[in-house]
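Please load the model in a viewer and keep a selection panel open.

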Amino acid sequence: MADIDSQIGVARTLLHEAMELQTAGNLAAAILRYEMVIARGYRVPDVVPIIAGLLAQTGRLDEALGQWDAMLVMAPDHSVAHHEKALIFDRLGRVEQAIAAMEKACRADPHNAVAANNHAVMLSNAGHKREALREFRRALALQPDNVHIRHQIRRLSAGQVPFWHIPMMNDTRRNDAFEAAIVAAIAARGPGATVLDIGTGSGLLSMMAARAGAGSVVACEMVPIIADMAKQIVADNGYAAQVDIHAAPSTELKVGVELAARADILVSEILSSDLLTENVMDTFEDAHARLLKDDAIVIPRAASAIGCLVESQTLADYVFVDRVSGFDLSRFGAFAAQKLPIHGTMTDWRRLSADVELLRIDLSAKRHHSDMHVLSIKVEADGVATGIVQWMQVDLAEGVTFDNHPDGYSDGGWLQVLHNFPQPITVRAGQMLDLAVGHDRVTLIVQPLEIAANAALTRVA
């Protein structure tokens with residue numbers, strides 16, 4: 001008995017020395033003393049976390065992990081051990097292990113807001129945005145007044161949702177045109193018509209279809225956070241029973257799974273400012289091939305790119321460079337963007353030609369092929385042409401069209417696009433300027449003819 005008391009006394013002395021060394025900042029010596037305490041089996045569950053923390057603090061991360069593993073052998077649900085392991089894995093760049101360990105920490109202590117927040121940050125940094133948002137919201141429920149967590153939720157949400165969604169929702173002209181086309185389509189097919197909405201966004205067009213009498217609406221949205229919000233909005237407005245929203249691209253939908261049968265009507269607003277950027281052709285072709293009836297009504301049924309030749313020093317300063325501070329920097333113009341989004345009513349530019357149709361896409365067609373042709377534009381004013389300012393005209397249904405013409409459109413999500421030339425071109429009134437115009441199924445191509453090297457071109461009168 002006296003021997004045991006003596007051993008305990010020695011262990012207590014060593015523990016006291018270790019604590020004093022730690023306080024004095026002599027961490028290496030403190031670690032040795034703590035290890036001697038553990039070797040004597042004294043207060044092991046209390047001392048192991050201290051050693052693990054000091055090892056991590058001094059950069060001995062693998063040894064620290066070993067100590068935390070020893071702690072978890074003694075207490076498998078030790079939330080601090082899981083938490084600290086996660087932080088060490090994160091420092092080592094072992095991302096998925098860090099996330100897994102922090103998830104265990106959260107399960108072990110579900111009311112720990114710090115663990116929930118750290119878990120959310122790790123998920124976000126690893127690109128798991130949807131899961132990160134869910135965890136940030138859980139952390140906020142634990143700490144409702146935490147401004148930092150509120151900021152992270154807003155930042156992460158906004159980062160996944162392009163800015164143009166809200167101005168597009170507020171675009172009355174666009175909304176009225178789409179609803180008129182939807183109402184006409186459902187009237188033509190009958191109140192039991194089935195509707196497929198690709199790229200539903202907020203769920204607005206799906207709700208329009210449900211309100212117009214569609215029998216059912218299947219919608220998809222490939223951005224999960226937007227799909228989640230659309231489900232809530234649809235439910236808020238009382239259409240959850242009619243509108244079924246899937247967080248997936250349309251190419252993952254299947255008849256017999258998400259759709260009971262091929263749809264009678266397709267409604268899709270995935271047109272970009274230059275028509276094609278959001279893989280419009282691939283999406284519509286896939287829908288025609290797998291998801292729509294052969295005689296399905298397609299909204300929109302066609303879209304055109306309209307444009308005019310322009311001069312603008314303001315725009316030229318964004319896409320051309322020549323001499324700067326006495327130096328020739330013109331070669332850097334090779335890096336200029338091929339297109340520049342602009343706001344037609346807020347940008348200083350001068351028209352050098354009439355409006356011309358650059359390209360028309362028939363969205364009711366089952367297949368599309370890349371296209372290139374020569375377009376001759378008559379110059380109506382002398383000037384230095386910067387490029388072509390382009391906008392859209394969308395044919396939604398018989399007698400229902402919509403456009404974002406720069407002279408009269410200022411409140412929507414679509415901007416106009418400058419397709420700038422590789423170099424400015426001096427033009428004179430009355431001359432014809434030949435352009436190579438077409439598409440590669442993903443982007444519009446607009447170039448002065450002499451720049452379009454050896455392309456197979458068809459001349460358009």
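**Conventions**

This is a predicted model, in which local features need pLDDT of at least 70 and side-chain atom pairs count only at pLDDT 80 or more, while totals for chains, interfaces and linings use all residues. Residues are numbered from 1 along each chain as its sequence is written, and side-chain values use heavy atoms, with hydrogens and water left out.

**Stop 1**

Select residues 27–39, which form helix 2; helices (H or I, at least four residues) and strands (E, at least two) are DSSP runs, numbered from the N terminus. The 13 residues of helix 2 reach 18 Å from the first C-alpha to the last, close to the 18 Å expected at 1.5 Å a residue. The expected span is 1.5 Å times one less than the number of residues. Colour Leu27, Ala29, Ala30, Ile31, Tyr34 and Val37, the buried residues of helix 2. Buried means under 20% relative accessible area, exposed over 50%, and partly exposed in between (1.4 Å probe, protein chains only).

Next, select Gly41, which follows helix 2 and has a positive phi near 70°. Arg43 is partly exposed, with a relative accessible area of 43%.

**Stop 2: Pro49 in helix 3**

Pro49 lies in helix 3. Leaving aside neighbours within four places in sequence, Pro49 is in contact (heavy atoms within 4.5 Å) with Val44, Trp68 and Met71. For a sense of scale, draw a distance from the C-alpha of Pro49 to that of Ile445: the two atoms are separated by 64 Å, and the residues are 396 apart along the chain.

**Stop 3: helix 7**

Move to residues 113–125, helix 7, whose 13 residues reach 18 Å from first C-alpha to last, close to the 18 Å expected. The buried residues here are Ala113, Ala115, Ala116, Asn117, His119, Ala120, Met122, Leu123 and Ser124. Show their neighbours: these buried residues pack against helix 5 (79–91), helix 6 (95–108), helix 8 (129–142) and helix 9 (147–160).

**Stop 4: Leu275 and helix 14**

Select Leu275, in the loop between strand 4 (263–268) and helix 14 (280–291). The phi of Leu275 is near 80°, a positive value in a residue other than glycine. Is Leu275 buried or exposed? At 1% relative accessibility, Leu275 counts as buried.

Helix 14 has 12 residues and reaches 15 Å, close to the 16 Å expected. Nine of those 12 residues are buried, including Phe284, Glu285, Asp286 and His288. The buried residues of helix 14 pack against strand 1 (194–198), strand 4, strand 5, strand 11 (356–362) and strand 16 (432–439).

**Stop 5: the cis peptide**

Ile299 and Pro300 are joined by a cis peptide bond, with omega about 0°. Pro300 sits in the loop between strand 5 (292–299) and strand 6 (302–311).

**Stop 6: the nonpolar cores**

A nonpolar core is a set of buried Ala, Val, Leu, Ile, Met, Phe, Trp, Tyr and Cys residues joined through side-chain atoms within 4.5 Å. The largest has 76 residues, and those with the most contacts inside it are Leu196, Ile299, Leu309 and Leu396. Apart from it lies another core, of 49 residues, among them Tyr34, Leu65, Leu72 and Leu156.

**Stop 7**

On a 1 Å grid over the protein atoms alone, a pocket is an open set of points where a 1.4 Å probe fits, with protein on both sides within 12 Å along at least five of seven lines; lining residues have an atom within 4 Å of a point.

The largest pocket has a volume of about 860 Å³, a volume being the space filled by probe spheres set on the points, which are joined across faces, edges and corners. Of its 40 lining residues, Trp164, His165, Glu269, Ile270 and Glu278 lie nearest its centre. Helix 10 (165–169), helix 12 (204–211) and strand 9 (339–342) each give two or more residues to this lining, and helix 10 gives the most, with three.

The second largest pocket holds about 670 Å³ of space. Among its 31 lining residues, Phe320, Asn420, Phe421, Pro422 and Gln423 lie nearest the centre. Strand 15 gives the most to this lining, with six residues.
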